[in-house]
Amino acid sequence: ESKKIKNSAHIFANAMQEGFLKNVHIEQELRKAMAHHELFMVYQPQMDVEGSVYGVEALIRWNSSHLGLVPPNDFIPLAEASGLMPKIGRFIVETVCLEMQALHQILQHPFQVSINISVRQFMDAGFLEHLLQTIEQTQMRSLSITLEVTENLFIEDVHSLLPLLKQIKAMGIQISMDDFGTGYSSLSMLRKLPIDELKIDKSFVDEMFEDDAAQKMVQNIIAIGKNFGMHIVAEGVETKEQKELLSLFGCDRFQGYYFAKPLPKEDLLKFLQENSFTCNV
Ligand code: C2E
Ligand code: CA
Ligand code: CA
Ligand code: CA
């Protein structure tokens, strides 16, 4: 029996070691990824109730020559932990502004783009300055930019956060709260902070039909957001039934494979040329 325990402890230690080594390896590759042009952005269309595209969410992709396609959920946390995130974050902001400004020119209309900003990125001292500088250099309209932040940002010092958010808002940039309901949120924060949009996490949308509690969460998030005058986006919408129930509950924005997957910029251009889109900025 004790040998068995010893063995499993050994196996566990090996697995830990392997996990550790794997992460070290990914981190080394990630350091080279930017120089080797292995990182790029894809854009997932976001729809309004009428079925028009009102915006897109920018999502990062890493096509590593050694590791293949690495999902962002695997490398973003590593980038955060290893201090690479500010650099990758600047790459994201610059690429999105350049590419979307180019699409605005081709389509002759600006549209919304949401950029995911991690807590670390947001709290970085140079973040706002770099964002404003990039907006100026690319001639992107700040009105068409939305920053997606997670609730966990709001467990940081709210007193230092509020002036920063107000500065961002004053520029005309919108704030969206991502994955709402999965982290640490408090209603009093929603009241104090200038938030334009709540995003319902995919996990709630997934379980809405099977799990009564998930359905109630969805209904409550929509009710809270609407009471505060915010837009509500449901993410991970995969079926017509989900879209219809969400609309019935009062959700006004939708994103998911039912409408479109995240698309490379060339495919996004085609999608926007073939679908009606709202020029809301
Ligand atoms: P998120 O911000 O919650 O993004 C939504 C994720 O759901 C994306 O995964 C998207 O591709 C996926 N998705 C959207 N619709 C559907 C659907 O109908 N079905 C399914 N199965 N999935 C759907 P992705 O691109 O793998 O990104 C995962 C997470 O990585 C993101 O979650 C975000 O937290 C992070 N991430 C991605 N890109 C960036 C970025 O540019 N910057 C930062 N800081 N984080 C990013
Ligand atoms: Ca997001
Ligand atoms: Ca999300
Ligand atoms: Ca999510």
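Trainee: Which pocket does ligand 1 take up?
Mentor: In this predicted model, the space taken by ligand 1 is the largest pocket. The elements giving two or more residues to the shell around ligand 1 are strand 1 (39-48), strand 2 (53-64), helix 2 (72-81), helix 3 (85-107) and strand 6 (174-180).

Trainee: Which of them gives the largest share of that shell?
Mentor: That is strand 2, which contributes four residues to the shell around ligand 1.

Trainee: And which residues come nearest to ligand 1?
Mentor: Of the 24 residues around ligand 1, the nearest are Ile-60, Arg-61, Asp-178, Glu-238 and Tyr-257.

Trainee: How much of ligand 1 does the protein bury?
Mentor: Ligand 1 exposes 800 Å² when taken alone, and the protein buries 84% of that.

Trainee: Switching to the metals, what holds the calcium ion (ligand 2)?
Mentor: Its protein donors are Glu-57 (OE), Asn-116 (OD1), Glu-148 (OE) and Asp-178 (OD), which lie 2.1 to 2.4 Å from the calcium ion (ligand 2), and along the chain these donors follow the spacing E-x58-N-x31-E-x29-D. Among them, Asn-116 in strand 4 (residues 112-116) and Asp-178 in strand 6 are 62 residues apart, and this pair links distant parts of the chain.

Trainee: What does Asp-178 coordinate besides ligand 2?
Mentor: Asp-178 coordinates both the calcium ion (ligand 2) and the calcium ion (ligand 3), and these two ions are 3.5 Å apart.

Trainee: Then which residue coordinates both ligand 3 and ligand 4?
Mentor: That is Asp-179, which coordinates both calcium ions, with ligand 4 and ligand 3 lying 3.3 Å apart. The protein donors of the calcium ion (ligand 4) are Asp-179 (OD), Asp-201 (OD) and Glu-235 (OE), at 2.3 to 2.5 Å from it.

Trainee: Where do Asp-201 and Glu-235 lie?
Mentor: Asp-201 lies in the loop between strand 7 (197-200) and helix 8 (202-207), and Glu-235 in the loop between strand 8 (231-234) and helix 10 (240-249), so the pair ties together parts that are 34 residues apart in sequence. Both Asp-201 and Glu-235 are buried.

Note on methods: Residues numbered from 1 in each chain as written. Chains lettered and ligands numbered in written order. Predicted model: local features only at pLDDT ≥ 70, side-chain atom pairs only at ≥ 80, totals over all residues. Heavy atoms only, no water. Donors = N, O, S within 2.8 Å, 3.2 Å for Na, K, Ca; no water. Buried < 20%, exposed > 50% of the residue type's maximum accessible area, 1.4 Å probe, protein only. Near = heavy atom within 4 Å. Areas by Shrake-Rupley, 256 points an atom, 1.4 Å probe, with all protein chains shown as cover. 1 Å grid on protein atoms, 1.4 Å probe; cavity = no way out; pocket = protein on both sides within 12 Å on 5 of 7 lines; lining within 4 Å. Sits in = over half its atoms within 2 Å of the grid points.
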